[in-house]
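User: I have a model open and want to go through it piece by piece. Start with one residue, then I will ask about the rest.

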Amino acid sequence: MEMSTNIDHCKTNGNENNQGCIISLGSHDGPPKADKKEFDCSRWPLQLLLISNKKQFVLRCLCHILFVAYLLTAVNHWYLSDKIDMNWKDGLGLLIIIATMYYITWPLKWLFAILPKITPHTHLKTGLLCVFFTLFFLYIYFDTKNDRLRLLPLAGLIALIFIGFLFSKHRGHVDWTTVATGFATQITIGLLTIRWSVGRSIVQAMGQLAEKFFSFAYIGAEVTYGHELIDNYGVFAFKVLSVLFFMCFFIEILFYYGILQTVIIRIGWCLHKLLGTTAIESVYTCASVFLGMSEAPIIIKPYLIDLTESEIHAVMMGGFSTVAGTVFAAYTSFGIDSAYLITASVMSAPTALSFSKLIFPETQKSLTNIEQLSTKKVSNENNVVDAACKGAQFGLHLIGAIIANIIAFVSFVAFINAIICWLGSLVGIKNLSFEVILGKILIPVTWILGVDYSECETVGRLIGLKMTINEFVAYRQMGKWKNENKLNRKSEIVATFALCSFANPGSIGSMIATLTTLCPSQRPAIISNVLRAFVGGTVTCLLTASIASLLMPEEGL
């Protein structure tokens, strides 16, 4: 797929028809179709362009005026109703959040434009980071004055970063400013969502809205597959993967009208300025918090072909480091607190980007900057219905590839566990498995995360279950041990953060299937870096767990 933004550009070539221009998304390769000739636009092209730009400007101004008027009307209605609660989940508060997120980029652009004139950008960023970490260390020092053992996760954080540097693919090219900015962003999110109850409520509301949106896909799935499979049994292939049909359908519509391109450029610009990462890898990582590693790549489908190897690695690591909002309900059904799940997934997003640039620094020039994103060509569909239908049909191929790879990878892990169990039984060790071995190995890791030593092996086994099978099984086991009082409150919270990612063998197959289906030409880069991204995603969750443990108050959350 390619994207075109040659708006109102008319060409003439002898007796050939004049061609128009649109913004659209296609599911097939091929040249854009020529628009039908309605009038001769070769005459007065400059005047035609000026008129078109003027109309666009007037239309945009009218849309902004109408939106602001509606927002003021809603605020006035809330004020006159004498309501105290602004309803941040689905009321006026949500509308204010959306408006703020949309319009805040304008003053940010002005700020980023004026600050470099006062002081060099690199010096300014370095100075701000020094001030931030100084204040953070002072805060942690006084916050842990009654129990200095609470500083243990800080040692774990430093140790994991050092290990990441040792195994970096290009240690001499590490941009430490990007790495430090990513961790500073994660710490800020942690302070807002762990220590500040209002921030935690806002993030939880966002997750509920995303989950509500995906629930509409279950309606179509229930009509197609029946009530039993969807509601009673909740079969993964029929219920969860049905969301992909709806996502492909919806994403193609947004691309056809150019809406999603605008969102990608706007968010990508903000994260590019903040972290120094490219737009595509930044937007994908944020999208994976709510869409998951199977749905989020659909958003960046037109740009995958131009990504560098480091960007491909960052994309995969972003998918391995978070979980989708669509599966939060499954985890909470095991007794896992939804607030911890959402907070963990959101906190992991900036860390995934920064840690990715630590273990696989960029050594090539990126082709996906903001300017190129806004002018990337795509093929043309006949109309929005054509685009939507092609999106839904593409989902069929995507789901088939995901199912095949998940079955193969999970079956292979079960086979390996059977061999290990057999070998253990020959020497008198019963129920030996790969996750049990990992549980023993991970005792030092869980200890430096702040877990009580008596429960380190228990939490380590949960992490082992996640790494060898998946997080569903790990959270289910955690729910059982929680009911049996085998985990104290702190161990439960740390385990929730450490397990909150799609870094499991089945996801390796799913990631390969998704990205290679979307962009076959990038298959060599995807295959060669998927294991590194898998390990990086696992470590990212451990980093998030260590920060959560460090910021956790003595009385717990």
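Analyst: Leaving out residues up to four places away in sequence, valine 413 touches Thr468 and Pro505. Contact here means heavy atoms within 4.5 Å.

User: What sort of model is this, and how are residues numbered?

Analyst: It is a predicted model, with residues numbered from 1 along each chain as its sequence is written. Local features need pLDDT of at least 70, side-chain atom pairs count only at pLDDT 80 or more, totals for chains, interfaces and linings use all residues, and side-chain values use heavy atoms, with hydrogens and water left out.

User: Back to valine 413. Which helix is it in, and is it buried or exposed?

Analyst: Valine 413 is in helix H16, residues 384-426. Helices (H or I, at least four residues) and strands (E, at least two) are DSSP runs, numbered from the N terminus. Valine 413 counts as buried, at 15% relative accessibility. Buried is under 20% relative accessible area, exposed is over 50%, and partly exposed is in between, using a 1.4 Å probe and protein chains only.

User: How many helices and strands does the chain have?

Analyst: The chain has 23 helices and zero strands. Of its 557 residues, 47% are buried. Take the contacts between residues at least 6 apart in sequence: 78% of them join residues at least 24 apart.

User: OK, helix packing. At what angle do H12 and H23 cross?

Analyst: Roughly 45 degrees, and the axes come within 8 Å; H12 is residues 309-321 and H23 is residues 523-551. Axes are lines fitted to C-alpha atoms, for helices over the stretch in contact, and angles run from 0 to 180 degrees between N-to-C directions. That angle makes H12 oblique to H23. The cut-offs: under 35 degrees is roughly parallel, over 145 roughly antiparallel, 65 to 115 roughly perpendicular, and the rest oblique.

User: Which hand is the crossing of H12 and H23?

Analyst: Right-handed. A crossing is right-handed if the near helix is turned clockwise from the far one by less than a right angle, and left-handed if anticlockwise.

User: Which residues of H12 make the contact?

Analyst: Glu309, Ile312, His313, Met316, Met317, Phe320 and Ser321. The H23 side includes Ala525, Ile526, Asn529, Ala533, Gly537 and Cys541. By class, the contact of H12 with H23 has ten nonpolar, seven polar and two charged residues. Nonpolar covers Ala, Val, Leu, Ile, Met, Phe, Trp, Tyr, Cys and Pro, charged covers Asp, Glu, Lys and Arg, and the others, Gly among them, are polar.

User: And H6 against H23: what is the angle?

Analyst: About 50 degrees, with the axes 10 Å apart; H6 is residues 176-195. H6 and H23 are therefore oblique to each other, and their crossing is right-handed. Among the H6 residues that meet H23 are Phe183, Ile187, Leu191 and Arg195. On H23 they meet Leu543, Thr544, Ile547, Ala548 and Leu551. That contact of H6 with H23 has eight nonpolar, three polar and one charged residues.

User: How do H6 and H14 pack?

Analyst: At an angle of about 170 degrees with axes 8 Å apart, H14 being residues 338-359. H6 and H14 are therefore roughly antiparallel to each other. The contact of H6 with H14 has nine nonpolar, ten polar and one charged residues.

User: Switching topic. What does the side chain of threonine 285 reach?

Analyst: The backbone oxygen of glutamate 281, at 2.8 Å. A polar contact is a pair of N or O atoms within 3.5 Å; within protein, one must be able to donate a hydrogen and the other to accept it, and residues adjacent in sequence count only if both atoms are side-chain atoms. Threonine 285 is in helix H11, residues 279-295, and is buried with a relative accessible area of 1%. Its contacts, not counting residues up to four places away in sequence, are Ala314, Gly318, Ala349, Ala352 and Leu353.

User: Last one: where is asparagine 431 found?

Analyst: In the loop between H16 and helix H17 (434-441). Asparagine 431 is exposed, with a relative accessible area of 64%. Its phi is near 55 degrees, a positive value in a residue other than glycine.
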